[in-house]
Amino acid sequence: MASMKKLEFLQLSLFISFLFLLLLIQAMAELHWLEHPANTDGSLSILVVGDWGRRGMYNQSQVAHQMGIIGERLNIDFVVSTGDNFYDNGLAGVDDPAFEESFTNVYTAPSLQKTWYNVLGNHDYRGDALAQLSPILKQKDSRWICLRSYIVNTEVAEFFFVDTTPFQDMYFTNPKDHSYDWRDVLPRKDYLSSVLEDLDSALKESSAKWKIVVGHHTIKSAGHHGNTVELELQLLPILQANNVDFYLNGHDHCLEHISSSDSPLQFLTSGGGSKSWRGDVNWWNPNELKFYYDGQGFMAMQITQTEVWIQFFDIFGNILHMWSASKPLFSIM
């Protein structure tokens, strides 16, 4: 009789532990909600840069200098980072000097002293991924915001930041001598399911004029890494079903604009924050590939209720590509 009670107690304890683990996973994957009001006229101006953290080397400082000039000209509201914030292996911890050497001491222009909204890239997961998520970094530099997946509501547009690294199979099955920090991600299947469900729900509930999703990895790209198959299969259908306007990413160290042939969705790569010039562009349908630059630079977006303007800049401040889209102020139901 006593052994039966012990067995029942053990089963109950295991069940409670399992429920706690599920709740923990859901909490870690949950899309956190942040507010960043647009300007009083309803407009918004941002810069987008990715794949940058190299202590100023590989033209990172030159890109930062031009970002400061363009940021002042456009009077930007914030900066979006598309990931791979610190090379080669993320941060070793919250006290890693790479944070100051690759971020605080590089992006020094007055116009860049605005909030930076960051996502994690695959190189960030090679270090202490939790360090970049720690509020201690915001104490070191008040600009820094980094969560796994979250929403920034600006009234005129909503930005949905998605943690894309755990989607890619190769980091789990063929890590190539790299170790990845999967704390709070495992069990992977449950984590990914929660991310996708939360994103789909948030997009469905959104009434924003413009819906913009940000992730590190490409969905479509003519660059070195090409398309990310896992995101094509799992993330792309959610974006298309919910009328997302733009997907912003890094990962490929280039500047790129691909227009979708089967939806209004635009794929915008801004991964030219430092090391670049891979020289292995793949063929792409010219009706879809609007722009490709195999070098360093960054992107700017200006947004109103009715229009979006996009510009890509190189390290000299030259405009390499411009594109715009418009929507009516009021939709007819």
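Strand β1 (residues 32-35) runs parallel to β6, with 4 bridges between them; strands count as paired if DSSP finds at least two bridges. Helices (H or I, at least four residues) and strands (E, at least two) are DSSP runs, numbered from the N terminus. Keep in mind that this is a predicted model: local features need pLDDT of at least 70, side-chain atom pairs count only at pLDDT 80 or more, and totals for chains, interfaces and linings use all residues. Residue numbers start from 1 along each chain as its sequence is written, and side-chain values use heavy atoms, with hydrogens and water left out.

**Around β6**

- Trp33 has Ile151 of β6 as its bridge partner.
- β6 also pairs with strand β7 (residues 157-161), this time antiparallel, through 4 bridges.
- The β6–β7 hairpin has 3 residues between its strands, and Glu155 in the turn shows a positive phi of about 75°.
- In a regular strand, side chains alternate between the two faces of the sheet.
- In β6 (residues 150-153), Tyr150 and Val152 point one way while Ile151 and Asn153 point the other, and all are buried; buried means under 20% relative accessible area, exposed over 50%, and partly exposed in between (1.4 Å probe, protein chains only).

**Nonpolar cores**

- A nonpolar core here is a set of buried Ala, Val, Leu, Ile, Met, Phe, Trp, Tyr and Cys residues joined through side-chain atoms within 4.5 Å.
- The largest one has 63 residues, and Met67, Tyr107, Leu199, Leu239 and Tyr247 touch the most other members.
- Among the elements that each supply at least two residues to this core are β2, α2, α3 and β13 (298-303).
- The most comes from α7, which gives 7 residues.
- A second, separate core has 30 residues, including Leu44 and Tyr117.
- Leaving aside neighbours within four places in sequence, Met67 has contacts (heavy atoms within 4.5 Å) that include Leu47, Val79, Trp116 and Phe298.

- Tyr87 and Asp88 are joined by a cis peptide bond with omega about -10°, and Asp88 falls in the loop between β3 (78-81) and α3 (98-104).
- Leu186 to Pro187 is cis too, with omega near -5°; Pro187 is in the loop between α6 (170-173) and α7 (188-205).
- Arg55, a non-glycine residue, has a positive phi near 55° and is partly exposed at 40% relative accessible area.
- His251, also not a glycine, has a positive phi near 75°, but His251 is buried at 3%.
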